[in-house]
Amino acid sequence: MKRLIIICEGQTEQEFCNDILQPHFNQFGIFIQNPTIKKTAGGIVSWASLKHQIETHFKQDHKAFVTTLIDFYGIHAFHNYPNWLQANQHTDKNIGMDLMEQGMLVDISAQYQQKFIPYIQLHEFEGLLFCDIDVFNNGFEQNEFLDYNYLVQTITDNQNPESINDSSITAPSKRLQKTIKDYSKITHGCLIAQDIGINKIRKKCPRFNEWISKLEKI
């Protein structure tokens, strides 16, 4: 069985790997190990720290593949990620993230590059959840919704859930907090993802789908 190490930004991403990604990758003979980023209380760290963690995993198991599950808007200039400035200035954020992923790849020691698959999401994990209003209708009682119309509008206005923007008000997690009573990233987030299913997420989220397709071929 092949071993894939997914370095997760936080506990929510870890649960997503356990509950959604691992069952999918079983059919490809791929076992997932999903540590969180080290030297953090939750969230992103400097590129130097993450790079050290990536290369340490390779040193410990030279047969393993390594990828990342982090979001672009958690990264700032002081984190010193390769190509961050170009990515941040680019009007097309998908191209910007591609630039950062390419920069991360070439900055890793050459001996590890063939087995490193950098992946950056544009926004936080919850962005992937805005795929299907029926999942929310079936998973929650009417009295659990704080603002159902806002949820419908968010899904209707964003045919690609990956594009849902990040701010103190409109970040995906903030939208869910506004929509669902007592929303919990870990509890509700992963349950919603399970109900949606990886195939529907892939259909609605092209960058995520591209990442999964790459991982299936390791």
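**Exercise 1.** Locate His-62 in this predicted model and decide whether His-62 is buried or exposed.

*Solution.* Start with the chain: His-62 sits in the loop that links helix 2 (47–60) and strand 3 (65–71). Next, take the relative accessibility, which is 62% for His-62. The cut-off for exposed is over 50%, so His-62 counts as exposed. Finally, look across the fold: Gln-111 is 49 residues away from His-62 in sequence, yet their C-alpha atoms are 9.7 Å apart in space.

**Exercise 2.** Describe how helix 6 and helix 7 pack against each other.

*Solution.* Two numbers get us going, since two packed helices are described by the angle between their axes and the distance between those axes. For helix 6 (residues 148–157) and helix 7 (residues 172–179), the angle is about 150° and the axes are 8 Å apart. Angles over 145 degrees count as roughly antiparallel, and helix 6 and helix 7 are therefore roughly antiparallel to each other. Their crossing is left-handed. Now list the contact: helix 6 supplies Tyr-150, Leu-151 and Thr-154, while helix 7 supplies Arg-175, Lys-178 and Thr-179. Sorted by class, that contact has two nonpolar, two polar and two charged residues.

**Exercise 3.** Find how many disulfides the structure holds, then check Cys-190 and Cys-205.

*Solution.* The count is zero. A disulfide needs two cysteine sulfur atoms within 2.5 Å. For Cys-190, the nearest cysteine sulfur belongs to Cys-17 and is 9.1 Å away, and Cys-190 is in no disulfide. Its relative accessibility is 3%, so Cys-190 counts as buried. For Cys-205, the nearest cysteine sulfur is that of Cys-131, 4.2 Å away, and again there is no disulfide. Cys-205 has 0% relative accessibility and therefore counts as buried.

Technical notes: Residues numbered from 1 in each chain as written. Predicted model: local features only at pLDDT ≥ 70, side-chain atom pairs only at ≥ 80, totals over all residues. Heavy atoms only, no water. Helix = DSSP H or I, 4+ residues; strand = E, 2+ residues; numbered from the N terminus. Buried < 20%, exposed > 50% of the residue type's maximum accessible area, 1.4 Å probe, protein only. Axes fitted to C-alpha atoms, helices over the stretch in contact; angles between N-to-C directions. Parallel < 35°, antiparallel > 145°, perpendicular 65-115°, else oblique. Left-handed = near helix turned anticlockwise from the far one by under 90°. Contact = heavy atoms within 4.5 Å. Nonpolar A, V, L, I, M, F, W, Y, C, P; charged D, E, K, R; others polar.
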